[in-house]
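Dear colleague,

I am passing on to you the structure that we spoke about, and below it you will find some notes on what turned up in it. Please read them with the model open beside you.

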Amino acid sequence: MNHVECEWRINNGGRGLYELTQKLQNWLREVGAWEGWANLFVPHTSASLLVQENADPDVREDILDYFARLVADGDPRFRHANEGSDDMAAHLRSVLTQNSLVIPVRAGRAALGVWQGVFLFEHRVRPRDRQVLVSFQGVVKEE
């Protein structure tokens with residue numbers, strides 16, 4: 001059993017979904033991952049990770065619109081607003097999603113469905129520099 005890990009720095013443009021699928025596939029190839037599990041973790045309380053459709057950009061827009069209705073920025077019922085009107089909304093959006101993913105790796109690739117992609121879901125309005133901790137556990141392909 002092999003274990004390989006790294007840290008990605010993702011500079012994003014603010015609230016949105018940022019696809020990481022190709023970055024993950026490239027990294028798995030670089031480290032020689034063959035069969036096992038890829039683990040991704042975002043150590044932030046106002047960003048999350050998703051596996052979601054990556055073919056139609058309307059899906060991402062609909063997700064953003066839905067969360068805007070579900071958890072509105074600046075809701076007067078929120079007490080916490082230390083970093084602006086999007087602060088507590090970002091925390092709640094993070095609670096409703098997830099901060100880690102475990103994805104099977106088969107034949108050297110993340111075993112995602114045809115229309116699935118891996119996304120960083122930024123919940124804050126302003127651009128942020130985020131970390132994603134990535135690891136692989138499993139069998140490395142013999143050269």
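Which residue is the bridge partner of L17 in β7? The partner is F121. Please keep in mind that this is a predicted model, in which local features need pLDDT of at least 70 and side-chain atom pairs count only at pLDDT 80 or more, while totals for chains, interfaces and linings use all residues. Residues are numbered from 1 along each chain as its sequence is written, and side-chain values use heavy atoms, with hydrogens and water left out.

Strands and helices here are DSSP runs, numbered from the N terminus (E, at least two residues, for strands; H or I, at least four, for helices). Three strands make up an open antiparallel sheet in the order β2-β7-β4, where two strands pair if DSSP finds at least two bridges between them. The edge strands, β2 (16-19) and β4 (47-53), each pair on one side only. Between β2 and β7 (residues 116-122), which run antiparallel, there are four bridges. Helix α2 packs on this sheet and touches β2, β4 and β7, contact meaning heavy atoms within 4.5 Å.

In the loop between α2 (57-70) and α3 (87-96) lies D86, which is buried at a relative accessible area of 8% (buried is under 20%, exposed over 50%, partly exposed in between, with a 1.4 Å probe and protein chains only). Neighbours within four places in sequence aside, D86 contacts R15, D73, R124, V125 and R126.

Finally, helix α1 (residues 21-31) has the buried residues T21, L24, Q25, W27 and L28, whereas R29 and E30 are exposed on the face turned away from that buried side.

Terms used
Axes are lines fitted to C-alpha atoms, for helices over the stretch in contact, and angles run from 0 to 180 degrees between N-to-C directions.
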